[in-house]
Amino acid sequence: MNENLKMFLQKVAADEKIQAKMKSFTDIDEAYEYAVSIQDGYSKEEFEAVMAKSAKGSTINDEISDTDLESVAGGTITEGAKGFRASAGDEVDYSLFAATAI
């Protein structure tokens, strides 16, 4: 990522007023103009790419959504031909479930 864009994101993360202003924009052109007034040195395309990512997750403050956290925190639960199983990484721990689906 462009170093100037990283600096902009750090400024946003550190300042609630900038965060509020950025959240108020509905037009990407206006948001970009405001952003470069805070920190310049990156293209509109780079800015748009980061904003698109932050709309899907919380890139600005390096937090992940609760949904994303739930999917990584305890492994996954899948249903296969022999019933349910839990996995954490590369290993499978069948002891997590007392019974499997019949």
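**Salt bridges, helix faces and core**

Modeller: Three salt bridges come out of the count when a side-chain nitrogen of Lys or Arg must lie within 4 Å of a carboxyl oxygen of Asp or Glu. The model is predicted.

Colleague: Why do Lys-6 and Glu-3 count as a salt bridge?

Modeller: Their side chains meet at 3.4 Å, N to O. The cut-off is 4 Å, so the pair qualifies.

Colleague: What makes the spacing of Lys-6 and Glu-3 about one helical turn?

Modeller: They sit three residues apart in helix 1, which means a separation of about one turn.

Colleague: Why is Lys-44 with Asp-29 called a salt bridge?

Modeller: The N to O distance is 2.0 Å. The limit is 4 Å, so this pair counts.

Colleague: Why are Lys-44 and Asp-29 called partly exposed?

Modeller: Lys-44 has a relative accessible area of 27%, and Asp-29 has 36%. Both values fall between 20% and 50%, so both residues are partly exposed.

Colleague: What puts Glu-48 and Lys-44 on the list of salt bridges?

Modeller: The N to O distance is 4.0 Å. The rule reads within 4 Å, so the pair is counted. Both residues lie in helix 4, four residues apart, about one turn of the helix. Glu-48, at 30% relative accessible area, is partly exposed.

Colleague: What makes Asp-29, Lys-44 and Glu-48 one network?

Modeller: Shared partners do. Lys-44 meets Asp-29, and Lys-44 also meets Glu-48.

Colleague: What else happens at the start of helix 3?

Modeller: A side-chain oxygen of Asp-27 comes within 3.1 Å of the backbone nitrogen of Asp-29.

Colleague: Which residues of helix 3 are buried, and which are exposed?

Modeller: Helix 3 spans residues 28-38, with Ala-31, Tyr-32 and Ala-35 buried. They cover an arc of only 100 degrees around the axis, so they share one side of the helix. On the other side, Glu-33 and Ser-37 are exposed.

Colleague: Which members of the largest nonpolar core touch the most other members?

Modeller: Leu-5, Phe-8, Met-22, Tyr-42, Phe-47 and Met-51, out of 14 residues. Helix 1 (3-14), helix 2 (16-24), helix 3 and helix 4 (44-56) each supply at least two residues. Helix 1 gives the most, with four.

Colleague: What does Met-51 touch?

Modeller: Leu-9, Met-22 and Ile-28, leaving out residues up to four places away in sequence.

Colleague: Where is confidence lowest, and where is it highest?

Modeller: Helix 3 is highest, at a mean pLDDT of 94, and strand 3 (residues 91-92) is lowest, at 49. Over residues 92-102 the pLDDT is below 50, and this stretch has 15 contacts in the model beyond near neighbours in sequence. Where pLDDT is low, predicted coordinates should not be read in detail.

Colleague: What is the average for the chain?

Modeller: The chain averages a pLDDT of 73, and 54% of the residues score at least 70.

Notes:
Residues numbered from 1 in each chain as written. Predicted model: local features only at pLDDT ≥ 70, side-chain atom pairs only at ≥ 80, totals over all residues. Heavy atoms only, no water. Buried < 20%, exposed > 50% of the residue type's maximum accessible area, 1.4 Å probe, protein only. Arc of directions from axis to C-beta. Polar contact = N/O pair within 3.5 Å; in protein donor to acceptor, adjacent residues only side chain to side chain. Core = buried A, V, L, I, M, F, W, Y, C linked by side-chain atoms within 4.5 Å. Contact = heavy atoms within 4.5 Å. pLDDT = per-residue confidence, 0-100.
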